[in-house]
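Here is a short walk through a protein model. Keep the structure in view while reading.

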Amino acid sequence: MNAAVVTSFSNPPEYKAIPDPTAGPGEVLIDVTAAALSPLVKLQAAGNHYSSKAGVPFVPGVDGVGKLPDGRRVYFIFPSYPHGSMSAKTAVNASLYIPVPDELDDITAAAAANPGMSSWAALTERAKLIAGESVLINGATGASGRLAIQICKYLGASKVIATGRSGSNIDRLSMLGADVILPLDRPQEELVASFKSALQETPVDVVLDYLWGSSAESLFQAIASFGKRTGSHRVRYINIGSLAGDAVSLSASSLRSSGLELLGSGLGSVSNEAFLTSISGVMKAIVPGGFQIDIEQVPLYDVAGAWNRELRSTRLVFTL
């Protein structure tokens, strides 16, 4: 069969023929039709993610859409290493797939599952969002953040505050449901002041943070300052990504003087079963919720040329 194969952590995968995988005990073979390229997959393929395996070669891809031997369409996660989802066939544990709704096509399902799950799981599993609460999304211009806006509204958030770098993408966030948009490209003092102003107008209950780094530090300062003035208002701060840096500076007083609660949402903090439940929720909501997601389809044989494209707000889906 043909597959994308990582032969070096420093180069894009190669499209080449490899032996078909064999289903082990409790596994099933899936004929893959679509697999999306996510930041997680790129980090793993570069050997830079905490879940990266030690050596090469291997087929990248942590999820995808395909058909079971009986013809049923399914979305699956975590194929059996070293065969990832970016191959004609892959072996998957029989507990790690869910049906794709009839009204949803393979490409959209593959594109929306991972970025949609990131916020759905954070909101339902980690933050335990209650309808009527307000949410701030830090880093809302990427594919995950844009879907997060729509998912927050779908799950009943009363107000969504979105942050991002100035440009065409941030201008479109209001069309997706953002009530307030805060540009991030400003000096830190001004950014802290804008966060304080937003919190004063609408106390935020949940923060979904795709960036971490300096913008997170500014948010911590604003939340701590707000807590000192008004007393403890619970803010569930959920880190999902670290596009702006892996480390932050956080004073102990920021935690003691406010209702700030720090949590993470990702591999290890959310179970595989919860991930699948979240993805099922996203897939069932896409059509009735009218979710918008920008998608670029690329045949898998073009994997090397497409691998390093900068597509922050667009989901790149490899088709087989």
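This is a predicted model: local features need pLDDT of at least 70, side-chain atom pairs count only at pLDDT 80 or more; totals for chains, interfaces and linings use all residues.

The protein has 9 helices and 15 strands. Its radius of gyration is 20 Å, close to the 20 Å that the globule rule gives for 320 residues, so the protein is as compact as a globular protein of that length. Along the principal axes, the C-alpha atoms fill a box of roughly 65 × 40 × 35 Å.

Now look at burial and contacts. Of the 320 residues, 52% are buried. Take the contacts between residues at least 6 apart in sequence: 71% of them join residues at least 24 apart.

Next comes the surface. The protein exposes about 13,400 Å². Carbon and sulfur atoms supply 50% of that area. There are 25 positive and 28 negative charges, and their mean positions lie 4 Å apart.

Turn to the aromatic rings. The structure holds 8 aromatic pairs. W120 sits in helix α2 (residues 106-126) and Y154 in helix α3 (residues 143-154), 34 residues apart. W120 counts as buried because its relative accessibility is 11%, under the 20% cut-off. Y154, at 39%, counts as partly exposed.

Y154 also pairs with F291. Their ring centres are 5.7 Å apart and their planes stand at 85 degrees, so this pair is edge-to-face. F291 lies in the loop between α8 (272-289) and β14 (294-299), 137 residues from Y154. F291 is buried, at 11% relative accessibility.

Elsewhere, ring pairs link F9, F58 and Y81 into a cluster.

Notes: Residues are numbered from 1 along each chain as its sequence is written. Side-chain values use heavy atoms; hydrogens and water are left out. Helices (H or I, at least four residues) and strands (E, at least two) are DSSP runs, numbered from the N terminus. The radius of gyration is taken over C-alpha atoms; the globule rule is 2.2 Å times the number of residues to the power 0.38. Buried means under 20% relative accessible area, exposed over 50%, partly exposed in between (1.4 Å probe, protein chains only). Contact means heavy atoms within 4.5 Å. Accessible areas come from the Shrake-Rupley method with a 1.4 Å probe; for residues, only the protein chains shown count as cover. Lys and Arg count as positive and Asp and Glu as negative; His and the chain ends are not counted. The place of a charge is taken as NZ of Lys, CZ of Arg, CG of Asp or CD of Glu. Rings of Phe, Tyr and Trp (its six-membered ring) pair if their centres lie within 6.5 Å; planes under 30 degrees apart count as stacked, over 60 as edge-to-face and the rest as tilted.
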